[in-house]
Amino acid sequence: MPYYVTTPIYYVNSTPHIGHAYTTIAADILARHYRQRGEDVFFLTGVDEHASKVARVAAEQGLDPKAYADRIVGAWRELPRRLGATNDFFIRTTDDGHKAFVQDFLQRIYDAGDIYQDVYAGLYCVGCEAFKTEAELVEGKCPLHDVEPEWIEERNWFFRLSAYQDRLLALYDERPDFVLPAFRFNEARSFIAGGLQDFSISRAGQPWGVPIPWDPDQVAYVWADALVNYLSALTYARPGEDLRPRFWPAVRHLLGKDILRFHCVYWPAMLLAAGYEVPRQLFVHGYLLLDDRKISKSLGNVVDPLDLIDVYGADAVRFWAARAVSFGHDGSVSIDSLHERYERELANELGNLLSRTTAMVARYLDGVLPARPRGDSPVRALLATLASDVADRLDVYDLTGALERIWDVVRGLNRYVEERAPWKLASDEERRRELEETLYDLVDGLGAVAVALAAYLPETSPRILAALGADPAELGWERVAYGLTPARAGIAAAAPLYPRIDAPTAAA
Ligand code: MSP
């Protein structure tokens, strides 16, 4: 089955922070997981370049916007690369293939009669790249950016969003899982039910953007350009191949709650107008706060995710992102909590389990593990519904719950070591069979857990498998089961998975 997952394309007006890393990590966990299940996956991320705020930053630096974007895009390509993300393409909205597609897309809406000219006068927040109503302002300022919006009065091209209210409501009523979590579905649906206003899809008097095909003096409004990336990428990511028949509409958009309306309301309407099917599903996640504060440049608490990766490694950052806050909800994180999870969960609960298991096989069995699966093994019971439980949770984007379910097994295996005390069994020749069974269970259980964790910990999982003498490249989901380990020789005590890191705030 096709599974197409996207992140928002990020504005290049500054470099990435952990909020951006957050969505990219989430999308990568899903992409890797569905590949393990043998699905046909396409994972897209990239950057949004034609924003007024990008043109402004470029001007401040005395650069042409494209020259500026070419310079900063390197940092944005680095983000997925260093996170270990397996995106199949990285889109830039300045790509020729994207620009041509946007023109074609807007032309289709124009030809369908859903675009007209009008004068718009209103308050525009450059931070949001959106017009604001008086009701949305707090003391005359945009509450998200804490700045007074600018008065803009232009003759623009408008999209007849109001004409799509009924069709959108019908869509929402037909597909109760169109937007998840449910409270976000309700938020989007009530916004639609409250009445929709047409919106401007072009900007006059600013040259930075995709020219409107029937009126080249105007450029596409940044959102009318950016949203289209999800479709345009499929037309040119693989030269000579149109991926649309394969992956559209099997798309799952991940996004933060800040851009819900654009994705859950404007985008489906634009697709309907242009004659495309609407996305399969949208998942709206919450916002990460750092030490209870919004992550923002002006507060000076922007953490560069690459700095965290330098200190803790990509896997620890991915683990923390998935675990520290329940995916879908807002939550506060801290660098201390990253350090704490690294030590307690990764180094102790997972790392030590591998060290102990391999050391005991090396020491008590000379590294030779006989095949000893048992019908009544407690590890069989521990693993019994692991594969289906994790898959079911990830089917509803519950990245946090799925990881907690896997961690249950990690804790269960640690308890099993304590209960069975293999060191005692080893001192009694008559209990040799029990010793072999116990160590078999540990190697087998830990191997299954490593496969289950591979989407979260893509560097660590293959290392665990290799240390257990298993094939580190075999990550098929069917391996998340008990008793698949054959007899093995040559198991040696493994090096620590997660070495000690001293300063808790080394990265801060
Ligand atoms: N360019 C638009 C999106 C266009 S998509 C067609 C944009 N870019 S952005 O750079 O501002 O990135 C917004 C996205 O980054 C959010 O929707 C979210 O996915 C992620 N996050 C940015 N800060 C975040 C947090 N503090 N916490 C969680 N995610 C956040 O909007």
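Residues are numbered from 1 along each chain as its sequence is written, and side-chain values use heavy atoms, with hydrogens and water left out. Because the model is predicted, local features need pLDDT of at least 70 and side-chain atom pairs count only at pLDDT 80 or more, while totals for chains, interfaces and linings use all residues.

**Exercise 1. Classify the ring pair of tyrosine 124 and phenylalanine 131.**

Step 1. A pair of aromatic rings is described by the distance of the centres and the angle of the planes.

Step 2. Rings of Phe, Tyr and Trp (its six-membered ring) pair if their centres lie within 6.5 Å; planes under 30 degrees apart are stacked, over 60 edge-to-face, and the rest tilted. The count by this rule is 33 aromatic pairs.

Step 3. For tyrosine 124 and phenylalanine 131 the centres are 5.0 Å apart and the planes stand at 75 degrees, so the pair is edge-to-face.

Step 4. Tyrosine 124 has 2% relative accessibility and counts as buried (buried is under 20% relative accessible area, exposed over 50%, partly exposed in between, with a 1.4 Å probe and protein chains only).

Step 5. The charged end of arginine 203 sits over the ring of tyrosine 124, 4.7 Å from its centre. The criterion is NZ of Lys or CZ of Arg within 6 Å of the ring centre and within 35 degrees of the ring normal.

**Exercise 2. Which parts does the pair of tryptophan 223 and phenylalanine 262 tie together?**

Step 1. The pair is stacked, at 3.9 Å centre to centre and 0 degrees between the planes.

Step 2. Helices (H or I, at least four residues) and strands (E, at least two) are DSSP runs, numbered from the N terminus.

Step 3. Tryptophan 223 belongs to helix 7 (residues 222-226) and phenylalanine 262 to helix 10 (residues 260-274), so the pair links parts that are 39 residues apart in sequence.

Step 4. Tryptophan 223 is buried at a relative accessible area of 7%, and phenylalanine 262 is buried at 11%.

**Exercise 3. Describe the lining of the largest cavity.**

Step 1. On a 1 Å grid over the protein atoms alone, a cavity is a set of points where a 1.4 Å probe fits but cannot get out; lining residues have an atom within 4 Å of a point. The search of the whole structure finds 3 cavities of 30 Å³ or more.

Step 2. The largest has a volume of about 40 Å³ (the space filled by probe spheres set on the points, which are joined across faces, edges and corners).

Step 3. Its lining consists of Ile18, Ala21, Tyr22, Ile25, Leu288, Val317, Trp320 and Ala321. Helix 1 (18-36) and helix 12 (314-324) are the elements giving two or more residues, and helix 1 gives the most, with 4.

Step 4. The lining divides into 8 nonpolar, no polar and no charged residues (nonpolar: Ala, Val, Leu, Ile, Met, Phe, Trp, Tyr, Cys and Pro; charged: Asp, Glu, Lys and Arg; polar: the others, Gly among them).

Methods: On a 1 Å grid over the protein atoms alone, a cavity is a set of points where a 1.4 Å probe fits but cannot get out, and a pocket is an open set with protein on both sides within 12 Å along at least five of seven lines; lining residues have an atom within 4 Å of a point.
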